[in-house]
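Here is a friendly walk through a few local features of this model. Please keep the structure open beside the text as you read.

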Amino acid sequence: MMPLLFADTGTEQTVQMVKGNDKTKTFIQKMGIVPGAKLTIVAAHGGDLIVYVKDVRIALTREIASRIMV
């Protein structure tokens, strides 16, 4: 298991866990990023990511991406 931040661009990943306080977890989970969800990293730029999850592209900051374990 590793933070999403370190996964390779273009790869499909399965979310294992979301770390952080309750407010952070709720924020991430409302975007559809929940344990068991599949997401694909579309692009990475300076630690910030664009991911494709549930037919939607989402931009994630480096801080948020580091809390998503795959």
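## Strand pairing

T14 stands across from K38, a residue of β3. Strands here are DSSP runs of E with at least two residues, helices are runs of H or I with at least four, and both are numbered from the N terminus. Two strands count as paired if DSSP finds at least two bridges between them.

β3 also runs antiparallel to β4 (residues 48-53), joined by 6 bridges. Here A44 has L49 of β4 as its bridge partner. The hairpin of β3 and β4 has 2 residues between the strands, and G46 adopts a positive phi near 65° there.

## About the model

The model is predicted: local features need pLDDT of at least 70, side-chain atom pairs count only at pLDDT 80 or more, and totals for chains, interfaces and linings use all residues. Residues are numbered from 1 along each chain as its sequence is written, and side-chain values use heavy atoms, leaving out hydrogens and water.

## N21 in its loop

Now to N21, which sits in the loop between β2 (17-18) and α1 (22-30). Its side chain reaches the backbone nitrogen of K23 at 3.2 Å. Between N21 and I64 lie 12 Å from C-alpha to C-alpha, with a sequence separation of 43 residues.

## V56 in β5

V56 belongs to strand β5 (residues 56-60). With a relative accessible area of 42%, V56 is partly exposed, a class between buried (under 20%) and exposed (over 50%), using a 1.4 Å probe and protein chains only. V56 and V34 are 22 residues apart along the chain, and their C-alpha atoms are 14 Å apart.

Technical notes: A polar contact is a pair of N or O atoms within 3.5 Å; within protein, one must be able to donate a hydrogen and the other to accept it, and residues adjacent in sequence count only if both atoms are side-chain atoms.
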